[in-house]
Amino acid sequence: MSNTTTTTNVAAKDLKKAQKAETLYKVFIYVVLALLAISIIVPLVWVFLASLKTQAEFSGNPWALPTEFVTKGFWFTNFKQAWVEAKMGSAILNSVIVTALGLLLLLVVALPAAYALSRMEFHGRKILNVCFTAGLFINMSYIAIPIFLELDAFNGWFEGLTKISGFFTNNLVMTAVIYASTALPFTIYLLSGYFATLPHDFEEAAYIDGAGYVKTMVKIIFPMAKPSIITVILFNFLSFWNEFIVAMTIMPDEKKYTLPVNLVINLTTGSHEAANLGRLYAGLVLAMLPVLILYVCVQKQLTKGMTVGGLKG
C-alpha cells in the first residue's frame with residue numbers, strides 16, 4: 001500500500017513539474033511573439049505618423065507625434081505632393097502593370113510545368129528538376145547587366161528591321177517577362193513540392209470519367225493546390241513590387257519608373273535640394289498599402305501554403 005502511495009505521489013509531482021514547464025514554455029512563446037509583433041508594428045506606425053509631419057518637425061524629436069497637421073490643417077499634404085509632384089501615381093500604375101503581367105505570365109508557365117514535373121513520369125524529368133532547383137541559386141540582381149546588354153543588342157537588331165529604337169528597353173512588358181522568367185525556378189520548386197503531396201485518387205477518377213490531362217489539371221489539381229498557389233502569388237508579388245535593380249537598369253526613362261525606382265530618384269536626396277522627408281514617408285506609405293491589403297486578404301491561405309513540403313522524386 002505504501003509503495004502504491006509513493007508511486008502516486010511521484011507521478012503527481014512529475015505531472016506538476018510537466019505542467020509548470022509547459023506553462024513557462026507558453027509564457028516564453030507569447031513573450032517572443034509579442035516582441036516580434038511590436039518590432040513589426042512600431043516601424044509601420046512610425047512611418048505613417050512621419051508621413052503626416054512637416055519638414056520642420058523632423059529637426060526635433062523623431063519620436064514626437066505630428067502636431068501641425070492638426071493645428072494648421074496639414075493632414076495629407078505630403079500624400080498630395082508625393083502623388084502629384086513626385087509622380088507616384090504614374091509609378092504605381094507602372095508597378096501594377098509590371099507586377100500583374102509578370103504574375104500572369106509566371107502562373108501560365110509555372111503551373112503546367114510544376115504539374116508535369118510532379119505528377120507525370122517521363123524521360124529527363126529528374127534532370128529538369130535538378131536544373132530548376134539549381135536556378136534557385138541565381139539572384140536576379142547579379143544578371144541585371146547581362147540582361148541589359150542582351151536587350152540592347154536586340155534593340156539594334158530590331159531598329160535595323162523596323163526603324164523603331166529602344167523597343168526592348170524602357171518596355172514594361174519586357175520587364176514583366178524578365179520578372180516571370182527569373183521567378184520560375186522558385187515557383188516551380190514550391191508548386192511541385194505541393195502537387196507531389198496530393199493524392200492520385202481524384203485524378204484517376206477524373207480519367208475514368210473521360211477527363212483529359214488539361215481538364216484534370218485545371219478542375220482537380222489546381223483547386224486542391226489553392227493554398228500553395230496563393231503563397232507563390234504573394235511571394236512573387238512582393239518580389240516584383242519591390243524589385244529595383246532590373247527596373248532601374250532596363251527602364252531608365254522617367255515615364256517608366258516603377259515604385260521603388262521612383263522612391264529613390266524622385267523622393268530621396270537629389271543633386272539640387274534636400275529630400276522632403278514628409279513626402280518621402282508618404283511615398284513609402286503609398287508603396288506599402290497594396291502589400292498590406294493583399295496580405296490581410298490572403299493571410300489564412302498563406303498560412304496553409306507555408307506547410308508545403310520539399311520536392312519529391
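## Contacts of Thr99

In this predicted model, Thr99 touches Phe237, Phe240 and Trp241, leaving aside residues up to four places away in sequence. Thr99 lies in helix α4, which covers residues 88-119.

Is Thr99 buried or exposed? Its relative accessibility is 2%. Thr99 therefore counts as buried, since the limit for that class is under 20% relative accessible area.

## Salt bridges in the structure

How many salt bridges does a search of the whole structure find? The search gives 2. One pairs Lys26 with Glu22, and another pairs Lys87 with Glu254.

## Lys26 and Glu22

The closest N and O atoms of Lys26 and Glu22 are 3.7 Å apart. Both residues belong to helix α1, which spans residues 2-50. Because Lys26 and Glu22 are 4 residues apart in this helix, about one helical turn separates them.

Lys26 has a relative accessible area of 42% and is partly exposed. Glu22 is also partly exposed, at 45% relative accessibility.

## Lys87 and Glu254

In the salt bridge between Lys87 and Glu254, the closest N and O atoms are 3.2 Å apart.

Lys87 counts as partly exposed, with 39% relative accessibility. Glu254 is partly exposed as well, its relative accessible area being 37%.

Conventions: Residues are numbered from 1 along each chain as its sequence is written. This is a predicted model: local features need pLDDT of at least 70, side-chain atom pairs count only at pLDDT 80 or more; totals for chains, interfaces and linings use all residues. Side-chain values use heavy atoms; hydrogens and water are left out. A salt bridge is a side-chain nitrogen of Lys or Arg within 4 Å of a carboxyl oxygen of Asp or Glu. Helices (H or I, at least four residues) and strands (E, at least two) are DSSP runs, numbered from the N terminus. Buried means under 20% relative accessible area, exposed over 50%, partly exposed in between (1.4 Å probe, protein chains only). Contact means heavy atoms within 4.5 Å.
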